[in-house]
Amino acid sequence: MQLRLRLRYWLKNLAIGTGTIGILRRIRDRLAPTPSLDYHLLERTGELSVPQSVTIEPTLACNLRCSMCFQNEYRDAGIARELRADGLLTAIERLPREMRSVYFVGGEVFLRKGFPRLLEAVEARGLETFITTNGTRILDADWAALDHMLRLTGIGFSLDGIGPAHDAIRGEGTYEKTVDSIRRALARHRVYVSFVMMESNIRQMIAFAQTVAALGVREIGFQHEMYSLPDDVETTRRQLDLASAREIMMTVKPQDWSEDSVAQLKAALAALPGVERRHGFVAAFEPPLPPQTLPWLYDGTIRNRTRLFCREFTNLFVDPAGNVVHCGFLRKKFGNVLDQPIEAIWNSPAMCGFRKALIDTNLTPACRRCCKLDVWPGRGARATNEGHADNPTTHAD
């Protein structure tokens, strides 16, 4: 298995370096097409087939307090009950047989006591695994567990600038710690680096890409900043008939980006393809929207301009207590995997009704800048072109 993964990534990196990544993807899609989705059934009833991917939050605890993090206020209020390692192991055992891949996200996953045991469990289940981390708390025991995984498809690290620019966002001294972890990971694993595009760092975006590529990273993700405006959370709560605003986890900002900052972003995005070619990496964007929708994303009108799709519809999301929620942002609980089968929760009246409510209202105000946005099929081309990397949260390769 590990040899197959190494061969896969060697071929991918070769395709990146030679500019033939688009050809490689077309071959992949022909040999292993993505399972089809019954959009008409989803529209009518909210029902979906049991997904093949799961996102698991082992913990929401974190050693950092990043300026843009949507989890800060939730942590300040007191983290809700989290399962012990044995409970999470049971949750993994109860994943449906259709499951093919797992995505671990936090908080900071390496703060989770017993995390190496969880990695052993998903390995034993034969699940391809991708992990996200801030890279500052990976211990030797964690590295040993990672190095023994045959189905580890990659590690995603968060960097939001070079040196002091990153530290101003994530904490003093974090840049060097994360870069050290990236260097160590590159020796054995696929590495993906994610950059959150914010007004405070957007002018450094091109230099950042060059610096990260010089480390040997071949896949760099650029995520549009996620936040809500003051009225968005309460409007969303009423729209979805949620019990409280605590069921929505989203950073709230007083206003949208300035016109000058949006102009700086557009200039950086226009320059990025040339930088990709010269420095031998591919860029991915979250959300992967068509280019023509970018102004709507930033002026807040995207829900009025085009029909939207939520990519979390096709992914199971399990929180640290074992609850199935729609996503990391809309945290209404539909059932607990320790209490009932996931298959029963997935197409329960409550969860189907929730999906149907999202579809009928073209998602919610709190969704308007979410990383999981996409256009409804048939409403426009995807933003990722043939030279762009796959999003590691939705593609195992």
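**The surroundings of Tyr 227**

Modeller: Leaving aside neighbours within four places in sequence, Tyr 227 is in contact with Met 250, Thr 251, Lys 253, Gln 255, Asp 256, Trp 257, Arg 368 and Arg 369. The model is a predicted one. Tyr 227 sits in the loop that runs between strand 6 (219–224) and helix 11 (230–239). Its relative accessible area is 0%, so Tyr 227 counts as buried. The C-alpha atom of Tyr 227 is separated by 7.6 Å from that of Ala 366, although the two residues are 139 apart along the chain.

Two of the contacts of Tyr 227, Met 250 and Thr 251, are also touched by Phe 70. Phe 70 belongs to another loop, the one between strand 1 (53–56) and helix 4 (72–76). Not counting residues up to four places away in sequence, Phe 70 touches Met 226, Met 249, Met 250, Thr 251, Gly 328 and Phe 329. Phe 70 and Met 250 are 180 residues apart in sequence, yet their C-alpha atoms are 4.6 Å apart in space.

These pairs can be set beside a count for the chain. Among contacts between residues at least 6 apart in sequence, 77% join residues at least 24 apart. The protein chain has 397 residues, of which 56% count as buried. It has 16 helices and 12 strands.

Next come the cysteines. The structure holds 0 disulfides. Cys 367 is in no disulfide, and the nearest cysteine sulfur, that of Cys 370, is 6.3 Å away. Cys 367 counts as buried because its relative accessibility is 11%. For Cys 62, the closest cysteine sulfur is in Cys 66, and the 5.9 Å between the two sulfurs is too far for a bond. Cys 62 counts as partly exposed because its relative accessibility is 24%.

Two helix pairs remain. Two packed helices are described by the angle between their axes and the distance between the axes. For helix 10 (residues 205–214) and helix 12 (residues 259–279), the axes come within 9 Å and cross at roughly 25 degrees. Helix 10 is therefore roughly parallel to helix 12. Their crossing is right-handed. On the side of helix 10, the contact is made by Met 205, Ile 206, Ala 209, Gln 210 and Ala 213. Helix 12 contributes Leu 265, Ala 268, Leu 269, Ala 271, Leu 272, Val 275 and His 279. By class, the residues of this contact of helix 10 with helix 12 are 10 nonpolar, 2 polar and no charged.

The other pair is helix 5 (residues 85–93) and helix 6 (residues 115–124), which pack at an angle of about 15 degrees with their axes 10 Å apart. Helix 5 and helix 6 are therefore roughly parallel to each other. The crossing of helix 5 and helix 6 is right-handed. Helix 5 makes the contact through Ala 85, Asp 86, Leu 88, Leu 89 and Ile 92, and helix 6 through Arg 117, Leu 118, Ala 121 and Val 122. The contact of helix 5 with helix 6 has 7 nonpolar, no polar and 2 charged residues.

Terms used:
Residues numbered from 1 in each chain as written. Predicted model: local features only at pLDDT ≥ 70, side-chain atom pairs only at ≥ 80, totals over all residues. Heavy atoms only, no water. Disulfide = S-S within 2.5 Å. Buried < 20%, exposed > 50% of the residue type's maximum accessible area, 1.4 Å probe, protein only. Axes fitted to C-alpha atoms, helices over the stretch in contact; angles between N-to-C directions. Helix = DSSP H or I, 4+ residues; strand = E, 2+ residues; numbered from the N terminus. Parallel < 35°, antiparallel > 145°, perpendicular 65-115°, else oblique. Left-handed = near helix turned anticlockwise from the far one by under 90°. Contact = heavy atoms within 4.5 Å. Nonpolar A, V, L, I, M, F, W, Y, C, P; charged D, E, K, R; others polar.
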